[in-house]
Structures are given as C-alpha cells and as structure tokens.
Amino acid sequence: MATIVIGSVPTEELALAHTFEALPDVTFESERIIESGDDAVMPLLWARNADREPLEAAIDGDPTVNNVTMLADFGDELLYRMDWIDQVQLLLHMLTNSEATILDAHGRREGWRLRVMFPSRSHLSETHEFCKDHGMEFTIESIREMDGQPSGRFGLTEDQYRALITAVQKGYYDVPQKQTLEELAEEFEISHQALSERLRRGTESLVEDTLLVGTKSER
C-alpha cells in the first residue's frame, strides 16, 4: 500500500546550503524533482524572498548546484531549473532504490521539508536503513498509508471527505449560499455543531496536507 511521508532534512545534507547562508530569508519550493544522472537530480524550483541579482550570485557560488537556468521571472517569484550534484544521495536513493515520488520539497535556511510517496512501507524502511547506514538525518514528522479511498490522498477521514464534497456540491460555499449549515447537517443526520466541526477539521487537514507542507504546524 502506498505510503505518504512528511519529513525534514538539514540543508547541508541536501542542497543550496551556501545559498541559504548568503540569503537567510530566501525560500525554495519545488515544481518538480527528477533524477538526471548517477549523481545528480534536476529540480524545478520557485525562489521567493530574494532579488534576482544577489540570488543568482549566491547560487553561482554554491558547490551543490550546476547548470542553472532561469525559466521565468515574475518579480517576487523566480523559477529555476538546475542540477543538484553533491550531497543528494538521499534523494537519489528515494527516486531509484525506493521508487519514491517527491510530491513536494520546500527549502529554507532551517532545512528542507519533503512530502514523499513510497510504493509501500517496506520501501520507506529501505530509506530509513539507508539514512542509518550513511549517517544521514531524515526526520519523519508524519506517515499516512493510502487505503484506496480518495480521502487518503489528502489526509482526510472518510467523514471529513464526504462532508467537504457534499458541502461544495450542495452550494454551502456558494455566494449567495444555496444551502445552510443546518440544512446540510440534516442530510448527514448530525447536529449543525458536529458538521461545523467536521468541516473545520477537514479544511484544516486539507490545507496542511496540500498548502503548508513547507511550514511546521504550531500545534
């Protein structure tokens, strides 16, 4: 069964540590990460919180990066394609030996935070053993097995998933609202307070699982 893991890796064990030291406020978010060779991976990264000129100067001096190409400049967001050529053994192991998919990668000075889908728990165990054998740090923050239900893709319970989908379909979120919380609750045969809590927790889980991968929860 496929397993989704959220974990963190120190910058010095992945890439762009020099860039983070030069520009402490810069952040990176992956658009895509693929294997590009025996000792390299090729990410597409959105860079934020840094001006283009000092950012590219820092990247040019970063020994973990090669073949950098700027693909888009939106002023406050810059899209780059590059090769990570050093200290990427963990990602290479995930992509090859463990047959994993890097769903999200968010980098900041404190470290990289990854959301990774492994084909099974045994593949995750292989990565754990790899880190142990090579003295690497991959701190796992959450593990979720995808049980074949659509809700499992987004960290939702089945009840939360049904509540959110039904609320959208029935027009609860429309402006103007087509169905009230009380009317929606009648369909589920629960109180409107219980439905409100279900929707709130489901929304929170959905946002954390899809939009806040790069930040740790304060709870």
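**View 1. The region that UniProt lists as "domain: HTH bat-type" covers residues 156-207.** This name comes from an unreviewed UniProt entry, whose positions are given in the numbering used here, with feature names shortened and with annotations that may be inferred rather than shown by experiment. The model is a predicted one, in which local features need pLDDT of at least 70 and side-chain atom pairs count only at pLDDT 80 or more, while totals for chains, interfaces and linings use all residues. Residues are numbered from 1 along each chain as its sequence is written, and side-chain values use heavy atoms, with hydrogens and water left out. Helices (H or I, at least four residues) and strands (E, at least two) are DSSP runs, numbered from the N terminus.

**View 2. The largest nonpolar core contains 40 residues.** A nonpolar core is a set of buried Ala, Val, Leu, Ile, Met, Phe, Trp, Tyr and Cys residues joined through side-chain atoms within 4.5 Å, where buried means under 20% relative accessible area, exposed means over 50%, and partly exposed lies in between (1.4 Å probe, protein chains only). The residues with the most contacts inside this core are L16, F28, L55, W84, M94, W112 and L114. Helix 3 (residues 89-95) supplies the largest share of the core, namely 5 residues. A second, separate core of 11 residues includes A163, A167, Y172 and L181.

**View 3. W84 and its contacts.** Leaving aside residues up to four places away in sequence, W84 touches a set of residues among them L14, L16, V41, P43, L91 and W112, a contact being heavy atoms within 4.5 Å.

**View 4. R48 and E29 form a salt bridge, with the closest N and O atoms 2.8 Å apart.** A salt bridge is a side-chain nitrogen of Lys or Arg within 4 Å of a carboxyl oxygen of Asp or Glu. Because R48 lies in strand 3 (residues 40-48) and E29 in strand 2 (residues 27-37), the pair ties together parts that are 19 residues apart in sequence. R48 is partly exposed at 22% relative accessibility, and E29 is also partly exposed, at 24%. E29, R48 and E77 are linked in a network of salt bridges.

**View 5. R201 and E197 form a salt bridge, with the closest N and O atoms 2.6 Å apart.** These residues are separated by about one helical turn, because R201 and E197 are 4 residues apart in helix 7 (residues 192-210).
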